[in-house]
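Let's take a walk through the side-chain contacts of this one, from charged pairs to packed rings. Have a look at the sequence and the fold first.

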Amino acid sequence: MSGLDALDRVPGKREDTETFYAQISDDTFTFRDHVFADRKVTGAQIAEARGAHPVANFVILQQLPTFELETLRPTELADLSNPARFFVIKGDGTEKFIVDGLSLEWPRKIVSGLTIKRLVGKHADDIELVLEREDTPDKVIEDD
């Protein structure tokens with residue numbers, strides 16, 4: 001399931017049970033549903049659900065409804081009562097950047113244009129990414 005297809009599904013509380021779920025992916029945007037018994041879970045529990053061991057070797061990112069991304073520390077709580085999407089990616093830190101006013105971070109120094117488009121919920125042909133520079137001409141960022 002692609003990251004865009006997963007947007008059609010709304011994670012959170014299941015209506016018929018007292019369980020909660022989140023969509024969790026790695027850097028391939030292959031989201032899987034994971035069920036939790038508690039409404040609030042730690043970053044470490046999110047990483048464990050994705051099979052990330054040891055958790056210290058991974059970055060946990062929570063994708064907000066605005067598509068912004070923020071780091072979730074292993075001991076930090078995330079509330080699953082609202083739509084909850086996470087990325088669990090091997091790495092030890094993130095690079096921060098802004099796309100169309102959205103604050104994003106990703107655990108890679110080089111990010112493809114296609115990855116950026118997926119992060120902001122756009123299809124590859126919907127937008128053109130341009131790296132704005134002060135001292136040199138702007139550069140169009142290709143999908144690859």
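This is a predicted model: local features need pLDDT of at least 70, side-chain atom pairs count only at pLDDT 80 or more; totals for chains, interfaces and linings use all residues.

E76 and R73 pair up through their side chains in a salt bridge, with N to O at 3.6 Å; the term stands for a side-chain nitrogen of Lys or Arg within 4 Å of a carboxyl oxygen of Asp or Glu. R73 is exposed at 52% relative accessibility, while E76 is partly exposed at 23%.

Residues are numbered from 1 along each chain as its sequence is written, and side-chain values use heavy atoms, leaving out hydrogens and water.

**Salt bridges**

How many salt bridges does a search of the whole structure find? It finds six. Three of them, including the one above, are set out here.

| Pair | N to O distance | Relative accessible area |
|---|---|---|
| E76 and R73 | 3.6 Å | E76 23%, R73 52% |
| D26 and R50 | 3.4 Å | D26 22%, R50 16% |
| R39 and D79 | 2.6 Å | R39 37%, D79 26% |

In general, side chains of opposite charge can pair when their charged atoms come close.

Take D26 and R50, whose side chains meet in a salt bridge. D26 is in the loop between β2 and β3 and R50 is in the loop between α2 (43–49) and β5, so this pair ties together parts 24 residues apart in sequence. Helices (H or I, at least four residues) and strands (E, at least two) are DSSP runs numbered from the N terminus. D26 is partly exposed, but R50 counts as buried.

R39 belongs to the loop between β3 and β4 (40–42) and D79 to strand β7 (residues 77–79), so the parts tied together are 40 residues apart in sequence. R39 is partly exposed, and so is D79.

**Rings**

Now for the aromatics. There are four aromatic pairs in the whole structure. F31 and F87 have ring centres 5.3 Å apart and planes at 65°, so they are edge-to-face. Rings of Phe, Tyr and Trp (its six-membered ring) count as a pair if their centres lie within 6.5 Å, with planes under 30 degrees apart called stacked, over 60 edge-to-face and the rest tilted. F31 is in the loop between β2 (20–25) and β3 (32–36) and F87 is in strand β8 (residues 85–90), so the pair bridges 56 residues of sequence. F31 is buried at 5%, and F87 is buried at 0%.

F87 also pairs with W106: their centres are 5.1 Å apart and their planes at 80°, so this is edge-to-face as well. Here F87 in strand β8 is linked to W106 in strand β10 (residues 102–106), 19 residues apart. W106 is buried, at 3%. Ring pairs join F29, F31, F87 and W106 into a cluster.

What sits over the ring of F31? The charged end of R85 does, 3.8 Å from the ring centre; the test asks for NZ of Lys or CZ of Arg within 6 Å of the centre and within 35 degrees of the ring normal. R85 also has a polar contact of 3.5 Å with the side chain of Q23, which sits in strand β2 and is buried at 1%.

**Cores**

F87 and W106 turn up again in the largest nonpolar core, which has 17 residues; they are among those with the most contacts inside it, along with L69, F97, V99 and L119. Such a core is a set of buried Ala, Val, Leu, Ile, Met, Phe, Trp, Tyr and Cys residues joined through side-chain atoms within 4.5 Å. At least two residues each come from β5 (58–63), β8, β9 (95–99), β10 and α3 (113–119), and β10 gives the largest share, three. A second, separate core of 16 residues includes I46, A78, L80 and F86.Back to the polar contact of Q23 and R85: the term covers a pair of N or O atoms within 3.5 Å where, within protein, one must be able to donate a hydrogen and the other to accept it, and residues adjacent in sequence count only if both atoms are side-chain atoms.

Finally, V111 is in the loop between β10 and α3 and is buried at 19%. Leaving aside residues up to four places away in sequence, V111 touches F97, W106 and I116, where contact means heavy atoms within 4.5 Å.

Notes
Buried means under 20% relative accessible area, exposed over 50%, partly exposed in between (1.4 Å probe, protein chains only).
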